[in-house]
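Look over the sequence and the model before reading on.

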Amino acid sequence: MVIFSDIADYRDFLKDYYDRRKAEMPFYSYRMMGDKLGLDSSYLYRVLQKKQHLPAHALQAAKEILALNGREAEYFDLLFSAAVSKDKAKKEELMAKALSLRDVERHSLQAAELKLLENWWIPAVRAYLDLNGGVVNVKQIAKDICPPISEEQVTEAIEILKEVGLVKKLASGRLALTDAHLTVGGPEKAKAVRNFQRQVLGLASDALENIPVDERNISTLTLSVDQSCFEDLGEMLREFRRLVQKRVDEAKNPDRVMQLSMAFYPVARKGGSSENAIMGDGAGVKK
């Protein structure tokens, strides 16, 4: 299945859907898909071949069969509007809006790279190297990491970062970052992530006592929600994380490394169900 933000023409959503359905059910036809969209099979074929556009009345049905909602649905609408627009400036404006909804690029962690998640300070050292232009001053890095770590831990972190290719040595002797955002999958990796998150949430707790209030931002919410609200809030948190990552990419002169922790979990359930759950807001931690 294609990743929605890899698509630059809304009709590729539909073509991918048709191809997947055809692979699952060899008897699936243009007529069957067209019936769902209110289109005859020959017109649908021309749409999938990018010789025609969807009529406006079919847009909602298209998003429903594609199971697009939230940001993906907005992305689809913007691509459609850009595709049918005759005005070049308007088309460019719509495409720019669509591109702004795309995810940041992420580097997928391989098994050997799980050691990155063994200790919280390894990603922190990596971010610090970006902060100071890649200058390797072990003593200064150990001192500036918050809370401070040992010089041995700094050296180990740098070696791990080089080993997995997340930093590279320049001719000047400085280190440069490669991919900026990381993602992870699989049961072993998920376990490593949970361990890392446990460490990070511990830092958030320590920050309440050890970090001046004007250098951090920690807040919590306790809310009663139903299942629909729970799902909406989860989507809002995912969108917020994406916006944070995009904004960080735009930072021109970073002068600190921050850790942001978000947690959304139940502390009470009515009748053992997931409805009316209480939310503990992910604490935004400024360090």
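Is lysine 50 buried, partly exposed or exposed? Lysine 50 counts as partly exposed, at 39% relative accessibility; buried means under 20% relative accessible area, exposed over 50%, partly exposed in between (1.4 Å probe, protein chains only). This is a predicted model: local features need pLDDT of at least 70, side-chain atom pairs count only at pLDDT 80 or more, and totals for chains, interfaces and linings use all residues. Residues are numbered from 1 along each chain as its sequence is written, and side-chain values use heavy atoms, leaving out hydrogens and water.

**Helix α3**
- Helices here are DSSP runs (H or I, at least four residues), numbered from the N terminus.
- In α3 (residues 41-48), the buried residues are Leu44, Val47 and Leu48.
- They cover an arc of only 95° around the axis, which puts them on the same side of α3; the arc is taken over the directions from the helix axis to the C-beta atoms.
- These buried residues pack against α1 (11-24) and α2 (30-37), with contact meaning heavy atoms within 4.5 Å.

**Aromatic pairs**
- The whole structure holds eight aromatic pairs. Rings of Phe, Tyr and Trp (its six-membered ring) pair if their centres lie within 6.5 Å; planes under 30 degrees apart count as stacked, over 60 as edge-to-face and the rest as tilted.
- Tyrosine 18 and tyrosine 30 are stacked, because their ring centres are 4.5 Å apart and their planes lie at 5°.
- Tyrosine 18 is in helix α1 and tyrosine 30 in helix α2, so this pair ties together parts twelve residues apart in sequence.
- Tyrosine 18 is buried at 8% relative accessible area, while tyrosine 30 is partly exposed at 24%.
- Tyrosine 30 also pairs edge-to-face with tyrosine 45, at 5.4 Å centre to centre and 80° between the planes.
- One aromatic cluster is formed by Tyr10, Phe13, Phe76 and Phe80.

**Charge over a ring**
- The charged end of arginine 21 sits over the ring of tyrosine 28, 5.1 Å from its centre. The test is NZ of Lys or CZ of Arg within 6 Å of the ring centre and within 35 degrees of the ring normal.

**Backbone exceptions**
- Most residues other than glycine have a negative phi, and most peptide bonds are trans.
- Lysine 50 has a positive phi near 65°, in the loop between α3 and α4 (59-65).
- Alanine 67 has a positive phi of about 60° and counts as exposed at 55% relative accessibility.
- Cysteine 146 and proline 147 are joined by a cis peptide bond, with omega about -5°.

Notes:
Helix = DSSP H or I, 4+ residues; strand = E, 2+ residues; numbered from the N terminus.
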